[in-house]
There are 2 protein chains.
Amino acid sequence: MTETKRRLNLNVGINTTGYLANAWKYRTGDRHDINDPAYYRRLTELAHRGRFDAVFFSDHPALLTDPLARPFHTLDPLILCTTLAAQVPDIGFVATITSTYNSPYNLARRVQSLDIVSGGRLIVNVVSSFNPNVAANFSNAPLPPRSERYPRAIEFLDVAKKLWASWDPRREGEVPPDRFWDASSAHTIDHEGQFFHVRGPLNVPRSPQGHPVIAQAGASEGGIELAACHGEIIYCNILSRPAGQAFAKKVKDKAIEVGRDPSGIRIVPGLVAIIGETREEALRKHELFSGTGSEDGLLARFAKENGIDPATFDPDAVLDAERFVPDQNRQWAVGMGLGLSDLLTHEKLTARQAVRRSEGHHRLVLGTPEEVADQIIDLWEDGTVDGYTLQPPRAPDDIEEFVEKVVPILQDRGVYPREYEGRTIRDRYRLPYPD
Amino acid sequence: MTETKRRLNLNVGINTTGYLANAWKYRTGDRHDINDPAYYRRLTELAHRGRFDAVFFSDHPALLTDPLARPFHTLDPLILCTTLAAQVPDIGFVATITSTYNSPYNLARRVQSLDIVSGGRLIVNVVSSFNPNVAANFSNAPLPPRSERYPRAIEFLDVAKKLWASWDPRREGEVPPDRFWDASSAHTIDHEGQFFHVRGPLNVPRSPQGHPVIAQAGASEGGIELAACHGEIIYCNILSRPAGQAFAKKVKDKAIEVGRDPSGIRIVPGLVAIIGETREEALRKHELFSGTGSEDGLLARFAKENGIDPATFDPDAVLDAERFVPDQNRQWAVGMGLGLSDLLTHEKLTARQAVRRSEGHHRLVLGTPEEVADQIIDLWEDGTVDGYTLQPPRAPDDIEEFVEKVVPILQDRGVYPREYEGRTIRDRYRLPYPD
């Protein structure tokens, strides 16, 4: 591990028009941006200007066809990250890929290749997929149950790690002049598991990072297990200090349980920042970008989303945490719902307060640039989180605003770098290099 | 279709150290080149200088581990083509991908994304894989028989074409200001076939070329069927005029049989060119690069490869074509062996003559730059072939030599462009845009 001073890590999500489904009406640009590689280049250059560690592409391999919504995952993230890495220096790339609908050999090869061509700038976010619309694009079999998808994801990464280490030029001995290489630098892996049989070796050697950094998202029990076994950067929903500390402890305890050193785990939750000249202005922008239009709108949406009868709904009554525990068996991503329930477990909040604490399931920080910077530093300073994955309501506008107004404050406070340091993502996240 | 004057099309293979396994000993560079993206960039820039239509990456997803040979397929071709397309303008990219070990949705999405980010410069070479070492990297099931792999490849591309057309912004009507898009521009494909069930739509829209150009390689009966149904650029082994005409007729007749207009098919066989100041010098280089060292060495290899008893072998006796027909049932790529048998069917040759007509299964042209140019133009002029895929024995050396010495002759003869014309590969190959 590279020994450098702990500092705030920041990624930024740059999917299509920004994170919030309804905020596109208030953004700069037109709707053709979402399939335009030049647009993603501009966003990545903007992120580079803000010294972000990485741009983050969430993904699911299906088109959202709701006529009232917008397509959100379009160009393939691996292809997009590869072309952007060739055009923008320094910055890293988080590419989301499903382990349920890829084979370990192809995936291990592609991402190792990208780690090589980018000079060690890839983070691969392995997800197990939870959407039946995805399943329907791959076969007529239903989505496998979560109880199968997560063990498969864990074994998938076991196989990938064996493949990533299977051809290592550092094992080469002297190569005589009439030979091209020392073939003993490559060996088969002969993996025979529950889900996969893979012989190897991989036809791509060790990459600058040893292998890409592994990100993990998803906070169901299976997700925590995956994070504990393989996750290096954990993307999650953390709405408060005690909830964050409890979550990090849970992941790290589980890591110890499976025999892994938890010091190689970074907690980098999603964050929605809405900046105003004043806090009042930020509140109004929140109401607009959320699509609810007003505080009453926010409250009405809260009631609806949580199945609360509007007739009996008192937005100023303290909420009962028990009421908000998500069902582990439901189809949708469990982790997305855990944030609110965790928050309410640790803090007594009314609905009027709660609606200002999260947006799009992530922690919401609202206010002036100084207030936003304070709130970001607050949970980082004591180690509750290692950084954040900024999810801008609108792209490019909210990235631009953050880069211009909040980043200089973070730099002035000495918690965030003015220039890129280190060579790879592992250096910048102080993550160990695999042996 | 764009109406332009017919001209010679040229691609160039740039795998690792060059096409011939033993020629690396005589090349410039070191063995670390094969995994160095900067090396492939230099080769692509060199190909761009020579105004090649495309660089070609053959592939199989397994490592060649023979200690006496060299790894030949390493970095993933899709990733490599994506990063190169971002760095080198104009030139196209042929990425080889197996339909046996990929899913149509993922593949259709990735290649359509690459066609978009490259501005319409992708050719995808769909192969069915013939190597049990590949199969072992994907499961413990054996390689499916050819009789299953080719029907699967054909259906794979049927599905891909439906997906590529499934989201087409040209279908959009007026989009009211409170909507982001016209969702009727996307529709499901609901494909239910023998091998695949895919709902769609694809989450990537139509690309600049409509969809990537489809290349096809492999001349078994199944391969011809695939070429007839889907192939636009046919990579093959053509060692003589009559063999080439017979092959083209076979593919085009089959295309008509399956209801396709054969005018959208281009024949672009492999070609090994070895250039000398004199023909004698080229002959000596051939002996070196082939690894046989002498004409006797070439003849000994010929006898061995074809199972001829050296005791009774007369290198100056006319060969019997029947003796060289490859077994359709063998495991190895059938097309690779067809070239020689086709050649001998149409020309009476001794072994001493035959060994100078092909190298690495492809047509060999030997001599001064003028002689090489003459031989290239010869089969192109009357339409036997539409161009060639140059397979340089050594990279970069033989690409450099070709670009410096042969390309200017082709340009002076008026058969080959001095500058890139048109926008996409379809323009340069005069291929129709899909509806």
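Visitor: Which residue forms a salt bridge with Asp76(B)?

Guide: Arg110(A) does, with the closest N and O atoms 3.6 Å apart. This pair crosses between chains. Asp76(B) sits in the loop between β2 (54-57) and α2 (77-87) of chain B. Arg110(A) sits in helix α3 (residues 104-117) of chain A. Keep in mind that the model is predicted.

Visitor: Why can side chains pair like this?

Guide: Side chains of opposite charge can pair when their charged atoms come close.

Visitor: Are Asp76(B) and Arg110(A) buried or exposed?

Guide: Both Asp76(B) and Arg110(A) are buried.

Visitor: Which residue pairs with Glu401(A) in a salt bridge?

Guide: Lys285(A), with the closest N and O atoms 3.1 Å apart. Glu401(A) is in helix α13 (residues 397-412) of chain A, and Lys285(A) is in helix α8 (residues 279-289) of chain A, so the bridge ties together parts 116 residues apart in sequence. Now check burial. The cut-off for buried is under 20% relative accessible area. Glu401(A) has 16%, so it counts as buried. Lys285(A) has 11%, so it is buried too.

Visitor: How far apart in helix α7 of chain B are Lys254(B) and Glu257(B)?

Guide: They are three residues apart, which means about one helical turn separates them. Lys254(B) and Glu257(B) form a salt bridge, with the closest N and O atoms 3.4 Å apart. Lys254(B) is partly exposed at 22%. Glu257(B), at 61% relative accessibility, is exposed.

Visitor: How many salt bridges are found over all chains?

Guide: The whole structure has 61.

Definitions and conventions:
Residues numbered from 1 in each chain as written. Chains lettered and ligands numbered in written order. Predicted model: local features only at pLDDT ≥ 70, side-chain atom pairs only at ≥ 80, totals over all residues. Heavy atoms only, no water. Salt bridge = Lys/Arg side-chain N within 4 Å of Asp/Glu carboxyl O. Helix = DSSP H or I, 4+ residues; strand = E, 2+ residues; numbered from the N terminus. Buried < 20%, exposed > 50% of the residue type's maximum accessible area, 1.4 Å probe, protein only.
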